Amino acid sequence: MFRSFITIFYWLLASGGVIALKLMSLDVPTAIMLGESVWLNCTLDLESDELYSVKWYKDDVEFYRHLPQDNPSGQKYDVPGIYLDLRKSVQGHVFLTKTDLESEGIYRCEASAESPTFQTVEAEKQMKVYVLPQQDPVIEGSQLRYEVGDYVNVTCKSGYSKPAAVLKWYVNGIKMEKDVEIHYPNIEHPNGLQTSILGLLFMVKPNHLFQGGAITLRCIATFSQTYSTSSEELIVGEKYSGISAAMNTLTVVAKDGPLITGGETQYRVGEFLNLNCSSTKSKPVPTLNWYLNDRLITNESVVHYPPLIHEDGEGRSVLGLRLRVQRSHLDENEEVRLKCTSTMSRVINVRSDERTFGGNHRNSGLQVAENYGKVSERNAAAHIASVNGSFKFAFFLILVVFL
């Protein structure tokens, strides 16, 4: 009889019949600037439960523990990159007075209830630490002048930052195509900062030149901050009667996360997945990405749709997935895990280096207007020299006659 009661109790607990501890949300900033203070908030709903403990971890190493029955109830542990203010920290809410590069990592909140449920809930999220570049990008390898037919072969290097800045090339104010850009791997510095490198190689044509034979090269380094990332995950497998949605690590209930729609209740090897991922309404429009078993999908299986812009300027992103299920897509559990992530970012720093170079042009059958003036100047100078020479010769003859 007692065993039957216990079985019924756990069945009610598993099915939601018993009101128990819930983790309502996990508030960890996606990215912060180096040196900033930060609140980490783990919001709980005890309902009928009594709290036993709340623990915070960074990269699976515990740095804070709250036990209501202890005095004092809060305790901190020394972990690199964690500068916790114990006086301000209470229960699931902890305060970091400052941050450094070692503060970056995956933060997890874990809460447990007292008997009779002994319920344990947890959620985690990654936090990145950003470092703005303090120097402008530098253009290297340029010449003093370029002529039509010459090759421009230059390199742009950004200032130290984290993450690396995004570089773009402009010639006379026009953005250059990717096929003339040379992408180099970022330089990783011992202090954890990075330098971006982007080359540019093209042949000078008349349309590249300003009047007077000048050409302007400009390299722009853009630094963007990601301020919101959320995701929705689907698990598809023959063990399931349909598609189940897994809760993401940003919040337990992803109110601002993307939504996956379409598809069938079950897929087998050889069949097509036909899904769409839609973001929430926001400004700027979020960037969406599909992942298959945690690997980014970048091939033709991804279908890009134009964003849906509303009258208020906000918009929604839509990204499709058309994928034939293959045996190689299955993990060790004979499942296919599909995830769509929504990322919003903003440009917070732009730096640039600009160089203008002058030069004569080879004619090569091309009519270059600025050459005409130079040729006329040379002809005029020759004419004046000829006249002066003739005058000097005549004066010499007259002088000889009179002598």
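**Surface, cores and sheets of the model**

The accessible surface of the protein amounts to about 23,400 Å², and carbon and sulfur atoms hold 54% of that area. Please bear in mind that this is a predicted model. Of its 403 residues, 40% count as buried.

How confident is the predictor? The mean pLDDT of the protein is 77, with 74% of its residues reaching 70 or more. Over residues 1-17 the pLDDT falls below 50, and in the model this stretch has seven contacts beyond near neighbours in sequence. Residues 360-403 are likewise below 50 in pLDDT, and that stretch has 21 contacts beyond near neighbours in sequence.

Let me turn to the overall architecture. The protein has two helices and 28 strands. Among contacts with a separation of 6 or more, 66% are between residues 24 or more positions apart.

Which residues have the most contacts inside the largest nonpolar core? They are Leu40, Leu44, Trp56, Phe63 and Tyr107, in a core of 27 residues. At least two residues of this core come from each of the strands β1 (22-27), β3 (38-45), β4 (51-58), β5 (61-66), β7 (93-96), β8 (105-113) and β9 (120-130). Another core, of 20 residues, lies apart from it and includes Ile139, Cys156, Val180 and Val204.

I come now to the sheets.

In what order do the strands of the three-stranded open sheet run? The order is β1-β3-β7, with antiparallel pairing. Strands β1 and β7 are the edge strands, each pairing on one side only. On average, neighbouring strands of this sheet are turned by 10 degrees against each other, with direction ignored. β1 and β3 run antiparallel and are joined by five bridges. Within that pairing, Leu26 has Cys42 of β3 as its bridge partner.

Another open sheet contains four strands, in the order β20-β21-β27-β24, and its pairing is also antiparallel. Why is one side of β20 and of β24 left without a neighbour in the sheet? β20 (259-262) and β24 (302-304) stand at the edges and each has a single partner strand, so one side of each has no neighbour there. From one strand to the next, the twist of this sheet averages 25 degrees. β24 is joined by three bridges to β27, residues 318-324, and the two strands run antiparallel. In this pairing, His304 stands opposite Leu319 of β27.

Arg355 is found in strand β28, which spans residues 335-357. Setting aside neighbours within four places in sequence, Arg355 is in contact with Val138, Ile139, Ser142, Ile215, Thr216 and Leu217. One of these partners, Ile139, is also among the residues of the 20-residue core.

Thank you for your attention.

Key: Residues are numbered from 1 along each chain as its sequence is written. This is a predicted model: local features need pLDDT of at least 70, side-chain atom pairs count only at pLDDT 80 or more; totals for chains, interfaces and linings use all residues. Side-chain values use heavy atoms; hydrogens and water are left out. A nonpolar core is a set of buried Ala, Val, Leu, Ile, Met, Phe, Trp, Tyr and Cys residues joined through side-chain atoms within 4.5 Å. Buried means under 20% relative accessible area, exposed over 50%, partly exposed in between (1.4 Å probe, protein chains only). Contact means heavy atoms within 4.5 Å. Accessible areas come from the Shrake-Rupley method with a 1.4 Å probe; for residues, only the protein chains shown count as cover. Two strands pair if DSSP finds at least two bridges between them. Axes are lines fitted to C-alpha atoms, for helices over the stretch in contact, and angles run from 0 to 180 degrees between N-to-C directions. pLDDT is the predictor's confidence in each residue, from 0 to 100.
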